[in-house]
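Subject: Handover of a structure for your review

Dear colleague,

Please find below the structure that I am passing on to you.

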Amino acid sequence: MDLTIRNEKPAFSHHDYTMQLVQHEMQQGTLSEARQTELRTVLTEAAAERAAQFTGGRSTTVSRRQAEKFYAAVLFQLDAALLAYGNDDAARNALRVTPVPKLMEAGAQRILTLYEEAKADFREAYTLTSPFQTSFFHDLLSGFQRFTTKYDARFHAKEVREYVEFCYPLLGGQMPDEDGLIAVHAYYRALRLEGEFLRIFPITAVQGLMKRYAARFLTTPEMIAENIAELVFRHWITGALTGTAGEDPLAIPQEAAEILTAQYAGRSVNDLHSAMLDAAAALPGTPGDGGMQMYVHDALPFLADELHSHIEKGSLNGWLKTV
């Protein structure tokens, strides 16, 4: 696996992806007038068809607010199709030359697939994290129930935040850079991958760390208001970088903070990031596509910044719970 440092900023946000690409191509003069007309016609017809479906075929007349939602939904359908290409150049080329009805069909199929995958990911995440769940994780359950019983991907693919709350933080403080159902899919996938990461470690080791950490704040493990995967990662990486991890990889001695501070105080965050990359490369993989390793890898720049900040401030002892 390539674990080199990757800090490049994407050229296009995944929010309103199609409109960003359309505006870019128009500015570049690479989107013909005929193609622009085709896009407008197909999208308008698709929105009208969506309105007819919504009213059971009785009418295509709906409120202005509802019409705007339908138009946003069909645009989001294009987002789903174009984002599936995996890179901006391929998506821009598809926007220029692929028949719009074909893109719309691909987007519709992709939305249905994402919906089913998102539900499966959350259920798997819930199973994997069951020994380590906090009240903040449990707050996700009501949103998931609405997502599976009240959400309709045909009409509300983009309008999903009234159903799902992104209340549990993710590893490294990252949140999905997408809209609607695509964001929910990314969020639930992240929760599943964090569950896979936690299961690398003995359940008793994770629970022991949670108990020690909660005791510091005179509370219970269930009330820890942090991402548990991040709590585990920062203790594991400290032990890995200092060579102080014992049989329990999360029970690090007090001198670990002093050793890590001595190693990296005054050095750049890139030095620390590189060392963390090397350590993370040794994490055991999971069956399949190795998504968990890449998920952790992508969070490392944020985690390195946080760890480096505590080293520079001399506050590692307050950030870690040593034994």
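Beyond its neighbours within four places in sequence, Leu307 is in contact with Ile237, Leu241, Leu260, Leu272, Met276, Leu316 and Trp319, where contact means heavy atoms within 4.5 Å. This is a predicted model, in which local features need pLDDT of at least 70 and side-chain atom pairs count only at pLDDT 80 or more, while totals for chains, interfaces and linings use all residues. Residues are numbered from 1 along each chain as its sequence is written, and side-chain values use heavy atoms, with hydrogens and water left out.

Leu307 is also one of the residues with the most contacts inside the largest nonpolar core, together with Phe147, Tyr188, Leu191, Phe197, Leu241 and Met276. That core has 97 residues, and its largest share, eleven residues, comes from helix 9 (residues 180-198). A nonpolar core is a set of buried Ala, Val, Leu, Ile, Met, Phe, Trp, Tyr and Cys residues joined through side-chain atoms within 4.5 Å. Buried means under 20% relative accessible area, exposed means over 50%, and partly exposed lies in between (1.4 Å probe, protein chains only). In soluble globular proteins, nonpolar side chains tend to be buried together.

**The chain as a whole**

The chain has 15 helices and zero strands; both are DSSP runs numbered from the N terminus (helices H or I, at least four residues; strands E, at least two). Its C-alpha atoms fill a box of roughly 70 × 40 × 35 Å along the principal axes. Of the 323 residues, 49% are buried. Where contacts join residues at least 6 apart in sequence, 70% of them link residues at least 24 apart. The chain exposes about 15,400 Å², of which carbon and sulfur atoms supply 51%; accessible areas come from the Shrake-Rupley method with a 1.4 Å probe, and for residues only the protein chains shown count as cover.

**Cavities**

How many cavities of 30 Å³ or more does the structure hold? There are two. On a 1 Å grid over the protein atoms alone, a cavity is a set of points where a 1.4 Å probe fits but cannot get out, whereas a pocket is an open set with protein on both sides within 12 Å along at least five of seven lines; lining residues have an atom within 4 Å of a point. Grid points are joined across faces, edges and corners, and a volume is the space filled by probe spheres set on the points.

The largest cavity has a volume of about 80 Å³. Its lining includes Thr129, Phe132, Tyr168, Leu191 and Ile228, and helix 9 gives the most to it, with four residues. By class, this lining has six nonpolar, four polar and one charged residues. Here Ala, Val, Leu, Ile, Met, Phe, Trp, Tyr, Cys and Pro count as nonpolar, Asp, Glu, Lys and Arg as charged, and the others, Gly among them, as polar.

The second largest cavity, with a volume of about 40 Å³, brings us back to Leu307, which lines it along with Glu230, Phe233, Arg234, Ile237, Met276, Leu303, Glu306 and Trp319. Helix 11 (228-242) and helix 14 (291-313) each supply at least two residues of this lining, and helix 11 gives the most, with four. The lining divides into six nonpolar, no polar and three charged residues.

Helix 2 (33-54) and helix 5 (100-129) are the elements that give two or more residues to its lining, and helix 2 provides the largest share, six residues. Five of the lining residues are nonpolar, two polar and five charged.

Ala47 is found in helix 2 and is buried, because its relative accessible area is 11%. Apart from neighbours within four places in sequence, Ala47 is in contact with Phe70, Tyr71 and Val74.

Asp16 lies in the segment before helix 1 (17-28) and is partly exposed at 37% relative accessibility. Leu218 is in the loop between helix 10 and helix 11 and is exposed, with a relative accessible area of 79%. Met223 lies in the loop between helix 10 (203-216) and helix 11; this residue is partly exposed at 43%.

Yours sincerely
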